[in-house]
Every structure is written in C-alpha cells, then in structure tokens.
Amino acid sequence: MENTSQEMKILSIDIGGTNVKATVLDQNGELLQEYKKVKTPDPATPEKLLEAINILLKGFISYDMVSVGFPGYVKDGVIFTAPNLDTNFWKDVDFRKLISDSLNKPVRLVNDSDMQGLGVVSGKGLEMIITLGTGFGSALLLNGHLLPHLEIAQHPFTKNKTYDTYIGDEVLKDKGLIRWNKRMERVLKVLKRVFNYDRLYIGGGNADKLNFKLDENIKIITNKDGIKGGARLWQEDGLK
C-alpha cells in the first residue's frame, strides 16, 4: 500500500458514457479544485478520451497522483470490456499506462462504480452501490474494502435482457418514466434478495428519477459524492 502525506493532492477522474468529470482532492477526499466536466467524445476511442481529459484539466491546480473510474471491467489497469464506450475500441488497452504517460503521474484505475463506492460507504458491513446512467453500474464493499468487481450489468435480468438493456438510459427514454420506475422496483427487489446488503447506495444521472418509496437502508448519492473515492483508492491494498 502506498501512503499519502497530508500535502498529497489526488486528481480524481470519473469517466462516464455521457460526461467525463474531474476534481482535485486532499487525502481525506475534500475538494481542492472546482468540480468540472466535459462531454464524453463520440466515438469514445482511447485517443479521443485522452484528448478530452487533457482539455478538461486545463487550468487545474497541481496534483501528485491520479485516480480514474472507468465504465467497464478493469484488471490491473487494463480494460477488458467497455459496453457503453464500445468494447471494440477498448479491449486489452492498458489505459492506466496511457493516462500515466500522458499526465506524467502515477495512476490507479478501477471500475467507475468501484471508485464511487469508496467515496460514499460507511465502512461497516456489506454495502452495495449501483449507478443508473447510460448503463447500469455496480460495486460491492465489505467493511469499507472493495470486493472483486462483478459486471452485474451484463448478467441476464430477464430471458433476453441484461440489467443494462432492461433499465439503461435508452430504456428510460423509450419506455418513459412510469414504466422505467416499475422496472427499477423489480430490480431493487431482486438485488435485495440476492445480496442481502446492509446498505445500498444509488448514484448516476438517473438516480433522482426514482419516484417510489425506498427502504430505509437505501440512499441516493451524487456524482460529487462518488468522485471523492479517488482519495480512498490510494489507501486500498492490492491495487497498482
């Protein structure tokens, strides 16, 4: 594990299917730099995404290390899948190295929901995070530490639909708010039965569109809450 001193500043980048967001944090996750964002390029190739990140960072204060949340399956900084950015562009791309080379800083890169989870959990018990945006994201933490990432979004929810295709942003636009909320009620019931979590956190751009009563152990979070996980990422063992 690498230690940060009180003076260390962490650039925290959250890559989404719609926007790329960034800020600079102290080691406690407090914002030192105004939270800013730019549109995710289309097509979102590694080269174009790097270009967008560099444009976003113009005028940012100095920082010592970088944390990145990426919307896909990540292992040791290498992208395996990126369903909402087009896996054809991303499979086997060592994006951690590309960012490190571009910014000339040490980088830790994990799934975006994993990083959000680090930013919001209480650190007690089994806690789950789901994100409702372009697609469906998820993370699990036990006593504040990340568990191995599962791409639940790609798991079948019905006979012919995954979580992504059952409640993703395109479904919300196509089916409308009422039908989307009915589907979300079904999804939350399944997650509760399957994971028996102590707390569930719901983030992403569509989280505030939920219009039914949530259980007492469910909390809506914001992107600004989640991006603070960039500081915690440097306190996690087993990450490079």
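This is a predicted model: local features need pLDDT of at least 70, side-chain atom pairs count only at pLDDT 80 or more; totals for chains, interfaces and linings use all residues.
Colleague: Nice. Which residue in strand 12 is the bridge partner of Ile-130?

Modeller: That would be Ile-202.

Colleague: And what is the strand order in the open sheet?

Modeller: The order is 11-10-9-12-13, five strands with mixed pairing. At the edges sit strand 11 (145-146) and strand 13 (218-220), and each of these pairs on one side only.

Colleague: Which strands does helix 4 touch?

Modeller: Helix 4 (residues 112-120) packs on the sheet and touches strand 9, strand 10 (136-142), strand 11 and strand 12. The direction of helix 4 makes about 50 degrees with that of strand 10.

Colleague: What about helix 7, which strands does that one touch?

Modeller: Helix 7 (residues 177-195) also packs on the sheet, with contacts to strand 9, strand 10 and strand 12. Its direction makes about 160 degrees with that of strand 9.

Colleague: Switching topic to Met-128: where is it found?

Modeller: Met-128 is in strand 9.

Colleague: Buried or exposed, and why?

Modeller: Met-128 counts as buried because its relative accessibility is 0%, and buried means under 20%.

Colleague: So which residues does Met-128 touch, leaving out those up to four places away in sequence?

Modeller: Among them are Ser-138, Ala-139, Leu-140, Ile-152, Leu-191, Phe-195 and Tyr-201.

Colleague: And how many Å apart are Met-128 and Leu-141, C-alpha to C-alpha?

Modeller: They are 6.4 Å apart in space, and 13 residues apart in sequence.

How values were computed: Residues are numbered from 1 along each chain as its sequence is written. Side-chain values use heavy atoms; hydrogens and water are left out. Two strands pair if DSSP finds at least two bridges between them. Helices (H or I, at least four residues) and strands (E, at least two) are DSSP runs, numbered from the N terminus. Contact means heavy atoms within 4.5 Å. Axes are lines fitted to C-alpha atoms, for helices over the stretch in contact, and angles run from 0 to 180 degrees between N-to-C directions. Buried means under 20% relative accessible area, exposed over 50%, partly exposed in between (1.4 Å probe, protein chains only).
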